[in-house]
Each structure stands twice: as structure tokens, then as C-alpha cells.
Amino acid sequence: MTNPTTTVLAAGSELNEERIVALLKRTAPFEPLSDQRLREVASIATPVYLKKGDLIYTVDERSDDVYVIATGTVEHALGPSAQATQLVKIVGEADVIGWAALLKNKPARLAKTTCLQDCEVLRINGQHLIEILAHDEASGREVMTCFAKMLMNEFTVPAWLSQVQELPRKVKVGADGLETANLTGVSLTMFRIAQWLKSPRPYLMLLGFTIFIGLWYLLSEGWHVWRFDRLPGPVEVWEEWTSRNPVYGISLFTPEYYTHIWYSVRRIAEAFFLATLLGVPFGLFLGWSRKFREYTFPIFETLRPIPILAWVPLAILMFSGTETPVIFLTTLASFFATALNTMLGVESIDESYPRAASCLGASKWQVFRHVVIPGALPHMFTGLQISVGVAWFSLVAAEMVSGQYGLGYLIMTSYTMVSYPTIIIGMATLGIVGYITSAMVRIAGDQMMQWRVRELALGGSQ
Amino acid sequence: MNASTIVANRPMGRLRKSIFHDTGSRRAIVSLILFLVFWEVGSQSKAWFGVQLPWIGMVPAPTAVFSAWGPLLLDPSYWQSWWQSSYRVFFGFIAAMILGIPFGLLMAVSKNYRDTVFPVFEIFRPIPPLAWVPAAIIFWPTQEMSIAFVTFYGAFFTVVLNVIGGARSIDVRYFQSARSMGANGWDIFRRIILPGTLPSIVIGATVGMGITWEVVVAAEMISGGGNSMGGAGGGLGFFIWNSYVGGSYPQIVVGMISIGIAGYISSTIIRWIGSRATPWLRMR
Amino acid sequence: MNAVIQSNAFEAKQRERNMNTKGTKGAIRIEKVDKVYDPEGAAVKAVDTCSLDIGAGEICMIVGPSGCGKTTLLNAIAGFHSISNGTIYLDDELLCGPDKPKAEPGPDRVVVFQNGALFPWKTNLENVAFGPIMQGTMSKKEAFEKARDMMASAGLNGSENSYPGETSSGVRRRVEIVRALMNDPKVLLLDEPYRALDSLTKSVMHEALLDIYYKNKVTIFFITHDLEEAIFLGHKVVIMTTRPCRPKKILDVDIPHPRDYNVLTSKRFRELMDETMEAVHEEAMKAFERGEKEG
Amino acid sequence: MSAAQEIQKPAGSGMQIKAAEMTISHVDKTYGEKQFATEVVKNCSFTIERGKLTVMIGPSGCGKSTLIRLLAGFEKPTSGSISIDGNKVTGPGRDRLVVFQESALFPWMSTYDNIMYGPKARGENTPEMRDRAEFLLDKVGLQRFRSKYPPQLSGGMQRRAELARAMINNPEVMILDEPFRGLDHMTKELMWKYYATLYEESHRTNFFVTTDIDEAIFLADRLLIMSNKPTQVRAVLDVDLPRPRSLSNIVDDDRANQIKMEALAILHEEAMRSFAGGSKAASDFIQAYSDRVGKSGK
């Protein structure tokens, strides 16, 4: 792109070939070139004269040319996306700017350059320059080396992975050089959706659901196949679920439906919170301290094989009321899963991490705080996900046996009241709510383990 | 001391080692005894000190449990409960393996099949197995069959997910080397996919076994307890529930411990079979 | 941009000045060290009456087949393992001996691990600043500032805010060495740090290590099984016997520092390679054959 | 393949060695579509000569593994053709055999079963094949470990078993993708000797990929030096050192050192060339390289 503010004067200007060669000789990257090569370079250089305040180029323009400053000073301000060590600097005589033109992928301009005085600048086409350098491999290589070094010194790796969402147009600058990243968040997502729609997957998925619901319909409502006719069909369930005036009393429009959901979710939240609060530290200590493990793990292992439901009568005996036993059972189930996985997490930490920490002078407690806890996080979150699943499992069972309200209770009472469509509604609701809770745990885990997410993202993209 | 003395001291070393090893088991014994003592004191707090401790105070004491257990050992109906539960677990588990393994392998092998079936499979997964109990009772003609169904359902998902995960984690180089040595599809399935998935199947089976016991106990309590199916045919879950309803509280704990033992034995068996089936994982 | 070139020239001069003076601290004396492993009573001797003197500021390369017990020696110096017999001194201070079989791990002897032990949950900068913050010798701010400076001088600016998992393995290794140097250690213990790198990257890493060494002059205890690497880097190459490990041959490499890659094809280098190759291969062969028996 | 020539028949193996020639002409390989496309191999042409050991060397991450998948027929090139003795390669076949990076022995089979896998899979579990397996077990010194599972073998032994597993199928072309990567340096050197002996006895067509210049020079008859992504052949060097070679001779030999310098020069240049868009390893390299330029006072 041409810059409207630059003015190219006619030939016969003050910057003649001799001066250009002399200038290039003083310019750092061109030093290794022989006089003859310099002359060749000079022949493709166009002198440009600029006024104070003129713009040479600005961010995001196409980069075709390299500039060598002959006289005057230029302010070189890198755009915020460049993640440079130094954002603004002043360059002067015999300095080179705009070397992005020499890079393989021709990234867009990263900086805005403004003349601080009236300047004389040489414009050199990057492509032509590389062609000249290619003639002379040895010194050409040195020129490129010098450019490479300048690059390395000036840029830092941007946190582009974490910025995928915010930055609509970002430029990846890294240890591996420069490249334009047209893989912005939005376009990448669009691309993936397009790819997905092109693949047979969504249609097969649709087919799967069609077959499932079709079979269900035909078996129960269509053909009234033996025994299947006792089950409520999809149409009946759907009508009941979305009815403003449900036959059996439970639908999307009855407050009772939400009371049941609320009860179950609240119990899960309480139990999960309690289990995490107790299970994570317990698991950490189990993994960290051998003595602690030897004393407590046998009891833990003796109690663990007893199915949670077998605790029901005991729980009713131990705790008064109907609410506490349910919470106790659910907590117990989650606690075992959380504690066990946290312990495995601690055990999975490579022994060189605590060693490295201790030889860097960390005390035992610091090792625990800075190595053991973060190192166990991945397993811990796997444990928490399992723990949510187990919590739902035991909650439903506990609600069915004792307790009032809640989805398990709803399913069981619907059975005794012979309101069969409500059973299916309850089951479907359980599925949805259960899925949401475990997704929430997963998201929380990703939030806490940015390092892992970024590592995996990189592994996936390369 | 020099090197030779150390080497000569080997028996001593071994002895020290074994004592050292013992600290682990000694601590385990100490902690278990402490646990029992604490439990006993807690349960007897009212009788001994006149003050009933919260929670633990309501639990039958270990001595009461053991004295209740004694006569039960001679009672055939107790053993019948064992038999009932084990029988259900066994059939539910076997059914889950027989249906789950081919189902999972099919999903792992055929992409189209997986894309069609897996989403449907996924929407079923978050529904806890026990939520199926009423629907199962409605559908199946006998209660026994509905319990069997729920048991099967509990283990099925774990088995299938492990089979898929295992088959898909097989190193692609194994397929490539097999193909470049001239193997056909069937041979790859038989000699690469099947053994390659076996370790995951074993893991799935061990976890599935645990779930099966959970489900069986719950199903027995819900259906046997809710319905008055009654009698000794109810299994260990019903045994516990029945003891609760009948007020013989120490028997509840006997039932719990029995189920714990049963679960432990069955998972040990699975693990043993698993390690026989995958000898290459037993290194050295 | 001329400044870049100038500062390089300046650094080069600085380096030359440093070249003649080795460091003054970090001499290690190992005297008749034994180590017997005793798993389930079956005594396995890993190190056998091993004596070795490493001068202050020396690069000492330990060469031996894998599993020969080199790492055991390193672990004893670092304080991760106890020794069964003998003594180890650091600058005439007892590290471990008959009354104190296990040394305390500390920031004066920092280890760079075989597979790398940068904490994946901390950014590179946090990793580098870890030591001083833990020891409480610097405030967080100071530590980060120093870490940034040190990384910049090792050519690592740009990767400060990335997590180790995001950077290339070559960069990770350099960050790890910088993390060690942050603590101003007397001794740097390197346990086959470049094993997993491909040979091109490895050659780059060698020069980077020498660069860092010329600036810092710490004693380097470097374990490897690559003879070329050993001769290229070391002042002294110690060839170990296969298990139990004991010095078989000690070679002084009289190629002057600073070295660069031209050394590899120089005559003297080849002579030294020749001189030692046989000894190394003898041991490698022994280990190789025994590896079969152990299997 | 009919055009394959019979080169020689080593005593005792009972195998007729066939060696084929592969031609790769103007091969391109692109992954992804439109603006997301990455060109991994571009206009790549070379021949793997009959009965010779061709070694390909290039910086890691330069797309060598892609090329191997193309040669083996696991993937198809975007354009261009690959042929073996004039027949176009359309998929994997038993005429070409790949030995993979690290070990790809089936962990669930004993050493013997692994070696016999190929014949069994093709339904050729004949006495002749079993004899051949015994012969190869002896050859690689694993007779005593025939019933061990791969995880029970040391790294060096696994690689030897893998070589035997490949050779029993009597491939016309053997393709080895950094087979000794991950071994420690000393074991690696011993494996070179093992491998070189196996090659010298049979003179199959071998195609060997590596990143290690010493390995390349020790083994190669011909050395292909690859450019960075997109992969192309940068240079072909003939390694005309006498066989059998020994390591100490190679270190001493002036000719070997000359080849090494030549190859290194090209590789360095290659790393230079790719600094803008290349691999991380290459950019590391650049940095040190440019440091060196600064150091020597320029």
C-alpha cells in the first residue's frame, strides 16, 4: 500500500549513489556486504524525503519495503499487539526499520513510525533485497543473521493464547519468528463450525436421535408392543412436560417442578462443598505424609468398599430429621472419590519437582504449598468430577429411600402415584441438571489450571 | 566400616528392612484398634458415662455387632441373602460385559456408528442408575428382572466408556506396523485392537463391579423395602433394611460389613482375572 | 541497533577477561564414597569407593553407561540420597560423611534434572524467581526484577510470561539453568540435561551453557553418556566404570576455553576422542551385555 | 514385485533378498484447507536407490515423519507421485516396511510372537518361517528373551527385536524413522554397529531418517539433507567411506570429517533460512548461531 503522506522526489536528488553506499556501509546489518553488493542494494533503494510529523507506515499495513534512515530521527512505536520489550524508541541515522518486509510470511506492520524531524529515508523493496542477498550466500547469511538477532532482542512472546477471545486481529510474535495469525478466535470457530457441518457427524447425530425417539414412539405409542405399551411414549411425555395444565401435576409451568430441582441442587451443592472441604486436605495429607497415611488409610480403605446405600439405616439412626441423613450420605460418597483422587494426584507428582524445590531452598511447608498442591490439581479435578457424579448417584438413591422433595423423591412418588410420564420427566431433568453440574466443575478446573489449558491448546495446535 | 562389611551384613539388613516394613502394618493395626476402641466408647457413652455423644452415640457398638453376628453365621437365611445379592451382581455384571464390550468396540472401530450412537448414549449417561428403578419395575414383568436391569445399567456405561477410551488410545503406530506387515482388518481387530483394549476393559470391569454392588444394594432396598416382597429372598440390601425396620440395629452393621466384604472379594477376583489376562503388564 | 553489535563486542571482551580466572568457590572433594541400595535385603552396590577432586569453577564431565550409578553420586552431593560410606566436602565443609549420611539439600548446590523440573504450573519468570522468594532473601519485586535481568542476559527475554509447557525444550533447559543460577550457587549439578534433545538443538545448548559458564564461573558437575559432549564442554572428563560406579579414567581436556564448534573437528579434539573412546566403549559393552542378563 | 532384483542370499537365512527402488517425484503434501492450510512437503523429489542405505537428515519438526507416512502409504500425497519399481504406491503394502520412532513392538506379544506377527497375519505360519524367526532371534542375540514381553526388555533389545520383526517379512524397502531415538548415546553407538552389520550382510534397500549427523555419516551410502518446512531435498552427499566402518575410524577419518562439515554447513544454513516461520528448534539454533557471529567480533 502506498502511504499518502510520503513524497518521492524526482531523480537527481541529494541522495546519490555514493552517499547511499556510504550510508549502507554504516548500517549495521549491511556491514558484511562487499562494495559491489552494496551498490546493487543502492540501485534498488528509492530515496524518500519526509517532513516532520509524516507517517512512514502504520500498524497493520502491508509490509513490502525496508527503510534505512539517512538523516533525521523517527519515532518507532510498536502496536500493543506486538508485545515488545520496548514499545517506543527513537531511531536515527543508519538505522533500519520495517524489516518485517524480509520475513517469510510477510506479516503486517507491527509499528507506527512517525518522523520527528524532516528526514531522508531510503526505501528498499524487501523481495528485491532478498534476491540480491541470495546471490552471495555467505555474507547474505550474515545480513539475515543480524536481522534475526534484532528480532529476537525486540520481541516477547505475546500471551496470545489467553487473548484469543478479545483480540479480533492479533499477530503472533514468538521465538519462532513472526507470522500473521489470521487464525483469530472468531474465524477459527467459524471455520470449525463449517468443517463440522461439512462432515457427516451432525447428520449422523441427528439420525441417531431420530432412530432413538422413533423407536421409542413406535414401540410404546405406535404399535403398542407388549410391555412397551406400559411405558409412556415420547409424545405423551412431551405434552405433559410442556403443558400449562399437566394431568399429573408436574410440568415446566408448575412451581412444584422447580421446588424439586431446587431441593436436589441445593443438597448436591451442600454435600459437594462439604466433601471438597474435607476431602481435598485429607487427600493432600494422605499423599504427602507417609506417617499420616499409614495411620489413617487403613480405616479409609475399610470403610470405602461399603456401598453408600448400605449406610442409609445407620444414617437415619445417627442423624435426626430427614434432611441431614441425605446430606450425610451424599457427602460421604463424594468424600471418598475426592480424597482418593487427591491422594493419587499427590503420588503422581514427579519426584524431581519437590527435589528441585528443596534444592532451591524451599522449606517443607513451602514445598507443600508451591509444589504438592498445584501438582495434584489435575487429578484433584478429575476426582471432583467423579465426585459430582457419585453425589448425584447417592442423592437420588437417598431421596428415594428417605427424605422429602428432590428429583429422586419425585421419581419414586410418581411411581407410587402411577403418574408414569412424570417419572420420565424426572429422569430427563436429572440428566440435564447432572450434566450442567459436572460441566461447571470442569470449567472451574480449567480456570484454575490455565497452565494446563495452554499447554494442551498448544499441543493440539501443533 | 567398608564395603565388604556392609555386604556381609546383608541378613541384618534384611531383618531391619522387614521390621521397617512392619511399621506400616503395625501402624495399620494400631489405627484400626484405636478406631474400634473409639467406636466402642462412643457407642457405649450413654451406658458408661450417662452422656450420649452425638451421632456416634446412636451407632451399635462393635461388641454388640459381633455378638449379633455370631448367631447369624448359623442362620441359613443370612447366607441366602449373600447368595441372592451375589447372584444378582454376577448376572448384572456379566450382562454388562457381554453387551458393553462389543458395543464399545463397535463404536471404537466404526466412526459412522460412533457418530450415530454416541450422542444418544451421552444423554443417558448423567441419569443415575437408580432413577431407572421405577421405570424398570413398570417395564419388566418380574421384580427380579427389574433389579437385574438396573444392575446391568449401572455397570454398562463404565464398561463401554472404558472400552472406547482404551481402543482409541492404542498407539496408531501399532496399526501402521501391522498394516505394513500385511495384516488385514480382521487380524488387526483380533490381534491389535482386542489385546490393546484389554487393560482398559479390566479397569472398566473393576470399577463396574464396584458400581454393581452399589446398585444392587440400593435396588434391593428400594424395591424390597418399598414393596413388601419380603422374606429371605431380598438379598443383603434388604437384609439391612429389614433389620432397620425390625429394630435389630446391630444387624444393620453386620449387613454393612458383609456387603463390604463381598464387594472386596469380588473386586479382588476381577483384579486377579485381569492380571492373568494381561500378563505383559506384570513387568518382571 | 549498532548498540546490539557493540554490546556484543563488549561482552566478548568481558568474557575474555574472565576466561583466565576460574571461579573461587565450589570445590568438591569426594572421598571413598560407597553406596549400597538395599531393596528387600538384596544389596546392590551402586557406587564403590569413589574418590574424586573437582576444583572450584571447573567443568567436570562424568561419563558412563546409563544406570551405572552416576546419578546416585549426584544425588548424594545434592542431598537427595544418603551415602553408605565415605565423605563428601564442599569447599572443605562437610556435606555428608559417616556421622551424617545425608546432606541437606540447599541452594548452594542446584540440580538441573534429566527430564527437566520446571514447575509446569508457574510461568518461566515465576520459576526463575522461585529460589530467592522461597529462601526469603529477596522481596518478590526484587526477585522478579533480577529474574527478568538474568533471563534477558541469557537471551530468554520473550518467554518470561509463558508457561514451560508452551516453550520449546531448548528454551526450557536454558530457563532451568538460569533458575539454578539465580541462587548464586557454588555448584551446578546437571544430570544428562540434554538427553532428550535432538542433536542440532543439543549443539546449540552446549554453546549456550558455555556462554553462561563464562559469565558465572560456577563449578559444573555434568553427567552425560555422550563422549563428544563431554570433551567439548569439560575441563575434566571422568569416565566411570559400569555398576558399581568408580572412576576408571580421568582426562584433562587441554583445549583452551572459550571453545566453539570448530573445536569439534580440530585435531586435538579427535586425539582426545580416540584416547578415551576405547575405555568408554569397554564399559558400555559391559553394561549392554549385562542389560541382557538383567532383563 | 517382478522388477525387484535378487541381490544375494546370505547363508542360513533361507531368504531371498529382494531390493527395490523407490522414486518420489514432485510430491506435495498440504494439511488443512484454504487459509488454514499448512504446506508440509513441497515439490519434493528423490530416489531411494536399489540396495543402498539412504539416510535422510534434517532438523526436527521439518516434516520428515510426514514424508515417511507418505512413503509407507498411510497417507496420500496432495500431488505428485511415489512409485516403487515403477508401480505407483497407493496404500500400505508388505513390500515396504516401517520401523518407527521409539519402539512399536506390540506390548501384549512376546518377543517371538512379535517377530512372527507378520507371517502369522498373512497366514504364512510355515516351518520355513519359523526357522527364519529362529535364525533372526539368534542373529540379534535375543534367543534367551524369546518369551519375554517388550516392557521387560531393555531399550537396546527392543530395537533389535524390532529390526528382526521387520526383516522376517523380507521387505523390498525398509523404512526406518529415527529408530534409535531415545536410546542413550552409548547404546545408540552399539545399535549403529548392529544395524550396519545387518545391512552389510543383506544389502536391502534401506531408507533411514535421523537428526543425528554422526549417525547419518556412520550409516549412510547416500545422505539426503532436507530443508525445513515445507520439506524439500536441499543436498545429496555421497558418503563414500569404506565398509565395514568403525566408530574410531570415522572420528579420525579426514574424509568423514569433511563430509560432516559439509553437511553441517548446509544444515546451519537451512536453520537460518527458516528463522521466520520455522520450528522452535531452528530458532534456538539461530539465536546461538547469531551469538557466535557476534562473538567472533564481526
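Salt bridges, an interface and a cavity

Tutor: In this predicted model, B:Asp115 and B:Lys111 form a salt bridge, with their closest N and O atoms 3.4 Å apart.

Student: Why is the pair B:Asp115 and B:Lys111 called a salt bridge?

Tutor: The term asks for a side-chain nitrogen of Lys or Arg within 4 Å of a carboxyl oxygen of Asp or Glu. B:Lys111 brings the nitrogen and B:Asp115 the oxygen, and the separation is 3.4 Å, so the pair qualifies. In general, side chains of opposite charge can pair when their charged atoms come close.

Student: Why are B:Asp115 and B:Lys111 separated by about one helical turn?

Tutor: Because they stand four residues apart in helix H6 of chain B. Over all chains, the count by this rule comes to 45 salt bridges.

Student: What makes B:Arg27 and A:Glu294 a salt bridge?

Tutor: The closest N and O atoms of B:Arg27 and A:Glu294 are 2.6 Å apart. The cut-off is 4 Å, so this pair also qualifies. Between chain B and chain A the count is two salt bridges.

Student: Which helices of chain B supply at least two residues each to the side that touches chain A?

Tutor: They are helix H2 (10–43), helix H6 (111–124), helix H7 (133–139), helix H10 (185–226), helix H11 (235–246) and helix H12 (249–277). H2(B) gives the largest share, nine residues.

Student: How do you know what kinds of residue make up the side of chain B that touches chain A?

Tutor: Sorting them by type gives 41 nonpolar, seven polar and four charged residues.

Student: How do you know that chain B and chain A are in contact?

Tutor: Contact requires heavy atoms within 4.5 Å. By that test, 52 residues of chain B are in contact with 50 residues of chain A. The two chains bury about 4,800 Å² between them, with 80% of it on carbon and sulfur atoms. In chain B, the residues that lose the most area to chain A are B:Arg27, B:Ile138 and B:Phe139, together 15% of what that side buries.

Student: Which helix gives the most to the lining of the largest cavity?

Tutor: H8(C) does, with six residues. By type, the lining divides into 14 nonpolar, four polar and five charged residues.

Technical notes: Residues numbered from 1 in each chain as written. Chains lettered and ligands numbered in written order. Predicted model: local features only at pLDDT ≥ 70, side-chain atom pairs only at ≥ 80, totals over all residues. Heavy atoms only, no water. Nonpolar A, V, L, I, M, F, W, Y, C, P; charged D, E, K, R; others polar. Buried area = accessible area lost by both parts, 1.4 Å probe.
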